[in-house]
Amino acid sequence: MEWITGLMDILQPMVIFCTFIGVIVGTIVGSLPGLSATMAIAILTPLTFWFSPAEGFAMLIGLWNAAIFAGGISAILINTPGTPASIASTFDGYSLYKKGQGGLALGINVIYSVFGGVISTIVLILFSFPLAKFAIKFGPSEYFALALFGLSMMIAVSENSVIKGLIVGFCGLLLSTIGIDPILATKRFTMGSTSLVAGISFLPIMIGMFGIGEVLSQIFERNWELEKREETEKRKNLQLGRVIPTKGEALQLAKPTLIASIVASVVGAVPAAGGDIASIICWGQAKKTSKHPEEYGNGSIEGLAVSCAANNGVIGGALTTMLTLGIPGDTVSAILIGSLMMYGMQPGPKMFTENKPFVINIMLLMLLAYLIIFVFGLLTAKLSARVLNVRKETVWVSVMILCVVGSYALNNSFFDVMIMVAAGFLGFVFKRGGYAPGPFILGLLLGGMLESNMRRALVMSQGSYSIFFTRPVTFILIIFTGISLFYPAIKAAVVRYRNSTVKSVVK
């Protein structure tokens, strides 16, 4: 009965319209190299607060799914992935385009991105409720351990430098302490400003870092020679040909794409494992088991289909972890957690009891988004190349305007706009210095959850830290946190040992 009610909720004309708008925006953003789903969701989130939660989240879900699929458009047409998740699509997509099979490559990108997304959504539906039932028994110590584990993802989203990522992450943690003390309800670090009593809002920081910061970075790093080469690629007049795979091709692709979709769902459930990792893993494994491995990397429709299925196959797994445990596996899911919190919902086990109808809506919205992407993507496959002709200057101005409007619309506060601008310059500085902004966002988002639950747990144990080691789930999560923190160092040591062993054998 709840599912029927949820289906009726998402089939409302306004919900369908918002999903469609999200798909269009996501397709444009995803197909333009340099932009990202993260930036688009960060900018669009405050604008969705003018709609009901179902309508607003429909737009965000449509945007996220469409942006990941659309990253394959530029990967196929100009050999440049529109999103990191589409890196593996360049391996075979561009070769197919140069062979005059660009239409087929674009069709495969649509069909198997949708296929992977639907399979991962089924995984979300099947496994999220049992996992939430287990996690519903969590207390303050378990939530503290969850937040700590989520913060350990700073390592994974630190890009090139773990040390820099940790520094930035701790800065975000410190910023999260501004406002009202969660236990004593006293003001702290507000510097006498009434605007800081409620703390620094998450969204203006996010919009500034991923919107203004990214635009300033792109302007500073503009490469005219690369743009000329891209323009040359765009003007090539190769025949795109047919879009739909034949029956024989569909049968050939069924098994490897099904396997890739399931594997990607599992990979997506692992915090910090994104579409780029999943698509590369699935592409490599499919090549090993393929009857024609020599075609991979040279225009294999199987290789392209597998990478496309893995791109969107990650999303269902990531949502499973995000909704049931409240752990943001990447920056996009961190932003979506912030969005849900702004709607008055806290992702985690309690969401499945307190807001179960909305959880069902999210799952059904995923399926609705993929239905729209399937129809819209196939109908516009040959026209999608025109999106690449949008001038960068137009995109930059549009992004800046949306950043200002979005940050002001949150609380009708000019103070939020100033925070957004300051965060934009900070994001630019982070980019120039090689500091990834992801850890900062994680620290800001999870800092409050970490502190409040740690202090509540200590109140329960009368100040004894043994509560974090005597409760099984808490202890296991702390062990996982330690593994997550020290894994890069252990991996680097193993690689150094292997290299030294190889060198000694060679000598």
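Me: Where does L44 sit?
Reply: In this predicted model, L44 belongs to helix α3, which covers residues 37-44.

Me: Is that residue buried or exposed?
Reply: L44 is buried, because its relative accessible area is 13%, and buried means under 20%.

Me: Which residues does L44 touch, if close sequence neighbours are left out?
Reply: Not counting residues up to four places away in sequence, L44 touches M59, L60 and L63. The C-alpha atoms of L44 and L63 are separated by 9.3 Å, and these two residues are 19 apart along the chain.

Me: What is W64 in contact with?
Reply: Leaving aside neighbours within four places in sequence, W64 is in contact with A37, I41, I315, L319, V332 and L336.

Me: Where does α4 bend?
Reply: The bend is at A67, and it amounts to about 30 degrees.

Me: How many of the α4 residues are buried?
Reply: In α4, 24 of the 25 residues are buried, so the helix is largely enclosed by the rest of the structure.

Me: What follows α4?
Reply: The helix is followed by N79, whose phi is positive, near 60 degrees.

Me: New topic. How many salt bridges are in the whole structure?
Reply: A search of the whole structure finds four salt bridges.

Me: Which residues are linked in a network of salt bridges?
Reply: The network links D181, R188, E451 and R455. Within it, the side chains of R188 and D181 meet at 3.3 Å, N to O.

Me: Are R188 and D181 buried or exposed?
Reply: R188 is buried, with a relative accessible area of 16%. D181 is buried as well, with a value of 8%.

Me: What is the N to O distance between D181 and R455?
Reply: The side chains of D181 and R455 meet in a salt bridge at 3.0 Å, N to O. D181 lies in the loop between β1 (179-180) and β2 (187-188), whereas R455 lies in helix α19 (residues 438-460), so the pair ties together parts that are 274 residues apart in sequence.

Me: And how do R188 and E451 meet?
Reply: Their side chains form a salt bridge of 2.7 Å, N to O. R188 lies in strand β2 and E451 in helix α19, so this pair ties together parts that are 263 residues apart in sequence. Both R188 and E451 are buried.

Me: Now the rings. How many aromatic pairs are there?
Reply: The count comes to 12 aromatic pairs. One of them joins F430 and Y435, which are tilted, with 6.2 Å centre to centre and 40 degrees between the planes. F430 counts as buried because its relative accessibility is 10%, whereas Y435 counts as partly exposed because its value is 27%.

Me: What about Y465 and F468?
Reply: Y465 and F468 also form a tilted pair, with 6.3 Å centre to centre and 45 degrees between the planes. Y465 counts as exposed at 52% relative accessibility, whereas F468 counts as buried at 5%. Ring pairs link F144, Y465 and F468 into a cluster.

Me: To finish, how many helices and strands does the protein have?
Reply: The protein has 21 helices and two strands. Buried residues make up 55% of its 507 residues.

Notes. Residues are numbered from 1 along each chain as its sequence is written. This is a predicted model: local features need pLDDT of at least 70, side-chain atom pairs count only at pLDDT 80 or more; totals for chains, interfaces and linings use all residues. Side-chain values use heavy atoms; hydrogens and water are left out. Rings of Phe, Tyr and Trp (its six-membered ring) pair if their centres lie within 6.5 Å; planes under 30 degrees apart count as stacked, over 60 as edge-to-face and the rest as tilted. Buried means under 20% relative accessible area, exposed over 50%, partly exposed in between (1.4 Å probe, protein chains only). Helices (H or I, at least four residues) and strands (E, at least two) are DSSP runs, numbered from the N terminus. Contact means heavy atoms within 4.5 Å. The bend at a residue is the angle between axes fitted to the seven residues ending there and the seven starting there.
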